[in-house]
Amino acid sequence: MNGLRAPAPAPPAEAAFDPEALRAQFPILRTKMQGRPLVYLDSAASTQKPARVIERLKSFYERDYANIHRGVYELSQRASALHDEARRKVQAFLGARDWREIVFVRNATEAINLVAYAFLRPKLEPGDEILVTEMEHHANIVPWQIVAGERGARVVAAPITDAGELDLDALAERITGRTRLVSVVWVSNVLGTVNPVAEIVALAHRKGVPVLIDAAQAVQHQPVDVAALDCDFLVCSAHKTYGPSGVGALYGKAELLDAMPPWQGGGDMIEKVGFEGTTFNEIPFRFEAGTPDIAGIVAFGEALDFLGELGLEAVARHEAALIAHAQRSLAQIPGLRVLGAPKERRSAIAFTLEGAHPQDIGMLLDLDGIAIRTGHHCAMPLHERFGLSASARMSVGVYNSEADIDALTAGLRRIAGMFQ
Ligand code: PLP
């Protein structure tokens, strides 16, 4: 069991990976940068949005908008129904058994904070540990450090190898009687390493420890099935899955969410309010205080429809071919060092170029209309592990083609010639 659904029958959508046709669905990819066609290779930071998602945001405000769960009038009921429908879409997309297991939040970061404050904090005692890995995004380090600091607990990191893979034996050793939670990234936003999350869940569960999966870089690249994975929590962001920014989802097992106190108070999360005391709403509403980004949530559902129609198996194949092409091409550039060499890599490749600061690489590529990421990519401990303070990172999405990778390679060749 690896958390992936049984392979779908060969999707008719394969034809949708005609790069030109797919690219044409993304209006921003028609714009020019520095007078050149935009080559967007920063989807790990945020994906671009297809016209249908942008149109859904617009049409929701034009035709369907009102506040939800409050009005008896038709428009409010329609908006509420669309919001509820989006939750069912997220449920189906993630493979959750129950719609109540999906909590809408602002992003993956907020989902992790929710678990840190409402699930972990009440049960943390001095000496307790939260186990993460050396390849985590800061969003999966800092929230744990904050609650751990308040309670005399600490965050422990499982080491990674020079290939940028988790050392599973070392990880298993670090799950002890003091471990209260294992929180691990599925796909590294820097190395692209795909971690064996099903194996990690099984390992931790054998020792009675719950597991959170940071799937911010996973759910847009491959099928996911939280019920098969048996993870306790999983987090993701809409803006990395072709949806709008400002919306994310937390999956949590119903029995765990049900036992958790609220973490923010306000409208919608209550059952009955009085000055002598307040009782709280059922899950998931208990964790959704105040008016959410209603239009964003509806458009998130549209983005998941877009991905579902492409077929996640087909997306995975398309992107795997691009990453393989990129690895071959980058290996030909003198002085270029790729961080890590994991057996399974998805979506992202980080690298350095001898003599050139990553910032310079990013700025020079921008002159060619090529957008990549430079810096620490919110993963300082990972860069430290590789003896670096920064790197350059290319990452792909469904709209990329081999021509984009070739443009990057040509740009990097020129830059290598300038600095070496
Ligand atoms: N986790 C990983 C692996 C990420 O790559 C990111 C964002 O880059 C996050 C968490 C945080 O996502 P967000 O900024 O959408 O909350």
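A salt bridge is a side-chain nitrogen of Lys or Arg within 4 Å of a carboxyl oxygen of Asp or Glu. The exercises below concern a predicted model, in which local features need pLDDT of at least 70 and side-chain atom pairs count only at pLDDT 80 or more, while totals for chains, interfaces and linings use all residues. Residues are numbered from 1 along each chain as its sequence is written, and side-chain values use heavy atoms, with hydrogens and water left out.

**Exercise 1. Salt bridges**

Task: Determine which parts of the chain the salt bridge of Arg36 and Asp368 ties together.

Solution.
Step 1. The side chains of Arg36 and Asp368 meet in a salt bridge, at 3.5 Å from N to O.
Step 2. Arg36 belongs to strand β2 (residues 36-37) and Asp368 to the loop between α12 and β15 (370-371), so the pair ties together parts that are 332 residues apart in sequence. Helices (H or I, at least four residues) and strands (E, at least two) are DSSP runs, numbered from the N terminus.
Step 3. Arg36 counts as partly exposed, at 38% relative accessibility, whereas Asp368 is buried, at 15%. Here buried means under 20% relative accessible area, exposed over 50%, and partly exposed in between (1.4 Å probe, protein chains only).
Step 4. The search of the whole structure finds 26 salt bridges. Among them, Arg106 pairs with Glu110, with the closest N and O atoms 3.1 Å apart, and Arg346 pairs with Glu344 at 3.3 Å. Arg346 is buried, with a relative accessible area of 14%, whereas Glu344 is partly exposed, with 41%.
Step 5. A network of salt bridges links Arg56, Asp64, Glu74 and Arg78.

**Exercise 2. Helix packing**

Task: Classify the packing of α3 against α10, and of α12 against α14, by angle.

Solution.
Step 1. Axes are lines fitted to C-alpha atoms, for helices over the stretch in contact, and angles run from 0 to 180 degrees between N-to-C directions.
Step 2. Helix α3 packs against α10 (residues 294-310) at about 40 degrees, with the axes 9 Å apart. For α12 (residues 358-367) and α14 (residues 402-419), the angle is about 125 degrees and the axes are 10 Å apart.
Step 3. Angles under 35 degrees count as roughly parallel, over 145 as roughly antiparallel, 65 to 115 as roughly perpendicular and the rest as oblique. Therefore α3 and α10 are oblique to each other, and α12 and α14 are oblique to each other.
Step 4. The crossing of α3 and α10 is left-handed, while that of α12 and α14 is right-handed. A crossing is left-handed if the near helix is turned anticlockwise from the far one by less than a right angle, and right-handed if clockwise.

**Exercise 3. Backbone features in loops**

Task: State where Pro284, Asp268 and His377 are found.

Solution.
Step 1. Pro284 is in the loop between β12 (277-280) and α10. The peptide bond that joins Ile283 to Pro284 is cis, with omega near 0 degrees.
Step 2. Asp268 is in the loop between α9 (254-258) and β11 (270-274). Its phi is near 75 degrees, a positive value in a residue other than glycine.
Step 3. His377 occupies the loop between β16 (373-375) and α13 (380-385). The phi of His377 is also positive, near 50 degrees, and His377 is buried, at 6% relative accessibility.
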